[in-house]
Amino acid sequence: MWPLQLLGRNTLALISGLGRAVIVLLSALLHKPNPRKGIPLLLQQLYSVGVMSLIIIIVSGGFIGMVLALQGYTILVGYGAEASLGPMVALSLLRELGPVVSALLFAGRAGSALTAEIGLMKATEQLSSLEMMAVDPLRRVIAPRFWAGFISLPLLAAIFSMVGILGAHLVGVDWLGVDAGTFWSVMQDQVDFNKDILNGIIKSVVFAFVVTWIAIYKGYDCEPTSEGISRATTSTVVQSSLLVLALDFILTALMFAR
Amino acid sequence: MMSKKVELMVGFFVALGIAALLMLSLKVANSGLSGGGDSYNLFAKFDNIGGLKVRSPIKVGGVVVGRVSDISLDEEDYTPVVTMKIYSEYNQFSEATSVAILTAGLLGEQYIGLQPGFMDESLDILQPDDFIEDTKPALVLEELIGQFLFSQGSGDE
Amino acid sequence: MTLPVATLDNLIEIKNLTFTRGERVIYNDISLSIPTGKVTAIMGPSGIGKTTLLRLIGGQIKPDSGKILLSGKNIPSLSRQNLYETRKRMSMLFQSGALFTDMNVFDNIAFPIREHSKLPENIIEKIVLMKLEAVGLRGARDLQPNELSGGMARRVALARAIALDPELILYDEPFAGQDPISMGVIVRLIRSLSDALGLTSVVVSHDVPEVMSIADYIYIIAEQKIIGHGTPDQIRQDQSPLVKQFVQGKADGPVPFHYQAPSYQNELIKLSPTMHERGKI
């Protein structure tokens with residue numbers, strides 16, 4: 001009876017949480033957009049969500065590209081196949097590391113900040129106060145943040161991959177002596193726009209949707225106390241990271257498996 | 001209300017993102033499928049295509065002149081038919097041209113090697129959608145080893 | 001619908017309101033009315049859901065049953081759009097002030113005006129300065145909310161609450177956590193706003209002396225019910241022990257000092273039956 005009851009309770013909580021999340025998202029997004037007010041709000045959020053994540057994305061992208069080149073080179077050179085360094089790095093970044101790692105970093109940097117900010121606005125009654133001023137907080141506060149996250153992450157993922165490839169070029173070509181022409185041409189030979197770049201972009205769009213959704217929902221739904229906010233922030237990072245990894249597997253299976 | 005710095009930084013961010021996307025699609029990927037220029041199709045029948053794949057390169061003396069665009073089986077005699085997409089600037093192959101499926105290095109990818117035949121008044125230039133008659137199939141490692149062992153065995157007797 | 005004519009004098013009529021949160025009953029079938037243009041106070045001990053009443057009036061939460069009529073319109077049954085229209089007529093002063101932390105004082109007060117009107121910026125500026133002057137903080141227009149003291153933050157919030165000249169202001173614990181001076185300032189402000197602008201005020205509080213000095217009419221709520229109501233003088237004369245305990249601030253009385261618990265003796269001796277008793281509760 002006891003474990004069964006626990007299972008039932010958790011299932012019900014999960015379903016009702018999911019329902020609330022859907023309602024939050026739909027009521028934030030389904031309305032006539034108002035460009036005069038909406039665009040400045042969106043810009044502001046693009047700044048705090050996207051621009052503020054730029055540094056961490058560029059630095060990590062560069063390092064990951066450099067490490068990939070270093071590791072890949074030592075393995076490939078054993079087969080005399082260091083010419084394949086370019087495609088190896090590019091394919092790893094475009095298909096997997098770019099979308100996934102930038103989504104994880106985004107969840108840690110921007111997702112947690114979104115949750116904490118919205119949670120704090122809730123705890124300090126700012127959301128309530130908007131509502132009493134006849135301004136819908138879902139449209140005014142939640143919607144621009146969602147769109148900003150949704151737009152930012154694919155761009156960040158592209159920047160991540162690009163910087164990663166440049167980092168790999170730095171290590172592979174400038175330090176380890178792989179021929180620059182070989183590096184680029186073999187890469188161009190092996191990387192396909194539809195299969196690799198487009199699929200990577202699709203992945204990062206899906207991740208952007210999921211991570212931002214979790215972040216805004218957790219903030220909006222959190223218990224309005226300091227413990228509540230900190231719990232919500234943690235669970236934003238944990239849940240969105242796990243979901244990104246799980247979804248990555250599913251998407252990869254759909255895209256690349258025969 | 002909106003500070004100029006915010007607008008500027010957002011503009012920079014979006015521009016950087018789009019530049020990254022552009023660079024990825026233009027510099028990292030082979031830009032476009034049919035893009036680049038015009039092409040025409042040639043066909044060739046092989047007994048065995050080995051590990052040849054769609055998009056494998058077609059080379060003349062190491063220079064890429066086209067790509068495999070399709071691989072199918074002939075409906076009548078069930079031999080593989082390879083459709084080769086050749087860039088139109090290379091349109092002077094004679095009828096005596098031969099094709100072989102080759103391997104880049106010992107473990108490398110397979111590609112089609114095109115051996116332009118000699119020119120003669122009696123020979124025409126290959127037209128689009130022509131079949132190349134002279135083909136050599138891919139070497140399959142197992143068959144090679146089998147042949148080798150067989151000849152070894154017969155030599156001993 | 002049959003509406004009593006009396007609604008002309010009362011901006012808000014609450015009828016047979018019942019509200020429960022989970023298992024806990026907050027209000028059990030209460031009715032009260034809030035007269036137009038007067039300061040009405042709702043008093044009661046902490047934790048009985050006085051703030052909840054304001055949220056009910058603001059339509060942020062819905063009651064289990066009963067009606068909340070704002071000039072004849074039943075708030076819980078309004079459509080979303082009508083509710084938002086109605087909310088433009090009221091405003092609420094939150095306990096924490098609820099100032100937007102990412103804007104300075106000026107923009108905070110300008111916010112509702114910018115949202116709901118298309119007035120040009122120079123007129124908005126004049127309105128905001130008028131409101132700031134009314135709360136005595138014109139000099140603080142460029143400060144950020146985190147630079148304000150608690151009392152100043154509440155006055156800024158008050159200025160924001162009156163920015164759109166509402167008919168009704170709901171004050172949530174306006175005196176809580178204030179030093180005596182800023183308490184005095186806020187008491188004066190509430191009274192003068194009500195008198196000067198003729199707006200209807202609902203003050204939720206447990207600070208007896210301040211409320212007695214400011215309110216035109218008082219309701220005292222305890223244990224899910226209205227236990228007493230009247231003008232401050234009537235409340236002072238009230239003979240009901242509950243009201244007396246609350247107004248005079250006695251530790252023990254009809255509202256017990258001890259939270260509901262099993263017998264003290266039994267619990268100390270730790271007799272096994274207590275475990276059963278507790279299980280039943």
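A crossing of two helices is called left-handed if the near helix is turned anticlockwise from the far one by less than a right angle, and right-handed if it is turned clockwise. The legends below describe a predicted model.

**Chain A as a whole.** The secondary structure of chain A consists of eight helices and zero strands. Read from the N terminus, its elements follow the order α-α-α-α-α-α-α-α. Along the principal axes, the C-alpha atoms of chain A fill a box of roughly 70 × 55 × 35 Å.

**Helix H5 of chain A against helix H1 of chain B.** Helix H5 (residues 137-175) of chain A and helix H1 (residues 4-28) of chain B have axes that come within 8 Å and cross at roughly 55°. H5(A) is therefore oblique to H1(B). The crossing of H5(A) with H1(B) is left-handed. On the side of H5(A), the residues that meet H1(B) include A:Leu155, A:Ile159, A:Met162 and A:Leu166. Among their partners in H1(B) are B:Phe13, B:Gly17, B:Leu21 and B:Val28. Sorted by class, this contact of H5(A) with H1(B) contains 16 nonpolar, three polar and no charged residues.

**The interface of chain A and chain B.** The size of an interface is often given as the accessible area lost when the parts come together. Between them, chain A and chain B bury about 2,500 Å², and 77% of this area is on carbon and sulfur atoms. A:Tyr47, A:Leu155 and A:Met162 provide 21% of the area that chain A buries against chain B, more than any other three residues. The contact involves 31 residues from chain A and 26 residues from chain B.

**A salt bridge between chain A and chain C.** Side chains of opposite charge can pair when their charged atoms come close. A search of the whole structure gives 26 salt bridges over all chains. In one salt bridge, the side chain of A:Lys37 meets that of C:Glu115, with 3.7 Å from N to O. A:Lys37 belongs to helix H2 (residues 35-76) of chain A and C:Glu115 to helix H3 (residues 105-116) of chain C, so this pair joins two chains.

**Helices H1 and H7 of chain A.** The axes of helix H1 (residues 2-29) of chain A and H7(A) come within 10 Å and cross at roughly 100°. H1(A) is therefore roughly perpendicular to H7(A). H1(A) contributes A:Gly17, A:Arg20, A:Ala21, A:Val22, A:Val24 and A:Leu25 to the contact. H7(A) contributes A:Phe209, A:Trp213, A:Ile216, A:Tyr217, A:Tyr220 and A:Asp221. Nine nonpolar, one polar and two charged residues make up the contact of H1(A) with H7(A).

**Helices H7 and H8 of chain A.** Two packed helices are described by the angle between their axes and the distance between the axes. For helix H7 (residues 193-221) and helix H8 (residues 226-256) of chain A, the axes come within 9 Å and cross at roughly 155°. H7(A) and H8(A) are therefore roughly antiparallel to each other. H7(A) and H8(A) cross in the right-handed sense. The contact of H7(A) with H8(A) comprises 14 nonpolar, six polar and five charged residues.

Notes. Residues numbered from 1 in each chain as written. Chains lettered and ligands numbered in written order. Predicted model: local features only at pLDDT ≥ 70, side-chain atom pairs only at ≥ 80, totals over all residues. Heavy atoms only, no water. Axes fitted to C-alpha atoms, helices over the stretch in contact; angles between N-to-C directions. Helix = DSSP H or I, 4+ residues; strand = E, 2+ residues; numbered from the N terminus. Parallel < 35°, antiparallel > 145°, perpendicular 65-115°, else oblique. Nonpolar A, V, L, I, M, F, W, Y, C, P; charged D, E, K, R; others polar. Contact = heavy atoms within 4.5 Å. Buried area = accessible area lost by both parts, 1.4 Å probe. Salt bridge = Lys/Arg side-chain N within 4 Å of Asp/Glu carboxyl O.
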